[in-house]
Amino acid sequence: MFQAYFFLQIGWWVNHNPASTSFMRQQLAVLQEKNPKAKLQHKWVPYKRISRNLKRAIIASEDANFTDHEGVDWDALLKAYEKNSRKGKIVAGGSTITQQLAKNLFLSGNRSYFRKGQEIIITYMLEFWMEKERIFELYLNLVEFGTGVFGAEAAARHYYGTSASSLSAGQAARLAAMLPKPRYFDKHRNSGYLMHRTALILRRMGSADVPR
């Protein structure tokens, strides 16, 4: 039943923009426990109004094979499974951009192999219905960039006081570097790791294959 709902909802989103996601609603509820008037920072912008620098930075950071795979990078998943087995707990996910979008749209942030299975099913639904550019457009507009900050436009305003279309290469690389732990890096903007990761992404951006 849920799978049919997911499938039809994704079909609707081919031509309609989601107002929010499951993950956004969860985070808003957390913020409103402390402040009932809390709101998310989020504004949808079309794909063409998002800096190519940010697109390259996120591809370089999160999913270098995004334009080539069919939603799931099985080699990355195998490496994540082996790492988790060595650690004795789930510490790595191996998720592609499409998988991250699937999780954000419908699922919780909890880590389990059952949730990963659901994530993979939804991922293939997204790839069935949508072109890569549309998947990436949704991702860029819905991904978390900080505490209550969602999407490229809100992130650009929050961190740099500019628009998503005007982000420089350095600004874009820094935003991409924050993605694994956006709320943490929102509070620790001078982190040594963040600076190192930003420099690495900058070096990789030139070879990033971005959907047009």
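## Burial and surface

A residue counts as buried when its relative accessible area is under 20%. By that cut-off, 50% of the 212 residues of the protein are buried. The model you are looking at is predicted.

## Overall fold

The protein has eleven helices and three strands. Read from the N terminus, the elements follow the order α-α-β-α-α-α-α-α-β-β-α-α-α-α.

## Helix 9 against helix 11

Now to the helix pair. Helix 9 spans residues 169-178 and helix 11 spans residues 192-204. Their axes lie 8 Å apart, and the helices pack at an angle of about 120 degrees. Angles of 65 to 115 degrees would count as roughly perpendicular and those over 145 as roughly antiparallel, so helix 9 and helix 11 are oblique to each other. The crossing of these two helices is right-handed.

Which residues make the contact? Helix 9 contributes Ala 169, Gly 170, Ala 173, Arg 174, Ala 176, Ala 177 and Met 178. From helix 11 come Leu 194, Met 195, Arg 197, Thr 198, Ile 201 and Leu 202. Sorted by class, the contact of helix 9 with helix 11 holds nine nonpolar, two polar and two charged residues.

Terms used:
Residues numbered from 1 in each chain as written. Predicted model: local features only at pLDDT ≥ 70, side-chain atom pairs only at ≥ 80, totals over all residues. Heavy atoms only, no water. Helix = DSSP H or I, 4+ residues; strand = E, 2+ residues; numbered from the N terminus. Buried < 20%, exposed > 50% of the residue type's maximum accessible area, 1.4 Å probe, protein only. Axes fitted to C-alpha atoms, helices over the stretch in contact; angles between N-to-C directions. Parallel < 35°, antiparallel > 145°, perpendicular 65-115°, else oblique. Left-handed = near helix turned anticlockwise from the far one by under 90°. Contact = heavy atoms within 4.5 Å. Nonpolar A, V, L, I, M, F, W, Y, C, P; charged D, E, K, R; others polar.
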